[in-house]
Amino acid sequence: MKCPKCGQENKESAKYCSKCGTSLTVLPFWMPTWKWHLRALGIIYIILVVLFFLLRILLKSYVRPIIENW
Ligand SMILES: [Zn+2]
């Protein structure tokens, strides 16, 4: 059977991957792909940018002189 983590071919009876040691007895029902990682990173980045601007707008109304010195 193929290792879900590294792709190494192992014996059908193998309980652990011979290459990386991942357990082969429990198959993961969902494996994130590199596309998923990119999308997740993009979403996190957008959230951070939005939060940054929201924080700036919020702070601006309270501590205007400090913000202007940035
Ligand atoms: Zn492996």
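Hi everyone, this is a short walk through one chain, from its overall make-up down to two residues. Please keep in mind that what we have here is a predicted model.

Let's begin with the whole chain. The chain holds two helices and zero strands. How much of it is buried? Buried residues account for 3% of the 70 residues. As for contacts, take those with a separation of 6 or more: 5% of them join residues 24 or more positions apart.

Now to the helix called α1, which covers 34–62. With 29 residues, α1 runs 42 Å from its first C-alpha to its last, close to the 42 Å expected at 1.5 Å a residue. Is α1 well covered or hardly covered? Hardly covered: among the 29 residues of α1, the count of buried ones is zero.

Gly21 counts as exposed because it has 11 C-beta neighbours inside 10 Å, and the cut-off for exposed is 12 or fewer. Ser23 has 13 such neighbours inside 10 Å, so Ser23 counts as partly exposed.

Where does Lys5 come in? For Ser23 and Lys5, which are 18 residues apart along the chain, the C-alpha separation is 9.5 Å.

And which residues does Ser23 touch? Leaving out residues up to four places away in sequence, Ser23 touches Lys15 and Tyr16.

Definitions and conventions
Residues numbered from 1 in each chain as written. Predicted model: local features only at pLDDT ≥ 70, side-chain atom pairs only at ≥ 80, totals over all residues. Helix = DSSP H or I, 4+ residues; strand = E, 2+ residues; numbered from the N terminus. Buried ≥ 20, exposed ≤ 12 C-beta atoms within 10 Å, placed from the backbone. Contact = placed C-beta atoms within 7 Å. Expected span 1.5 Å × (residues − 1).
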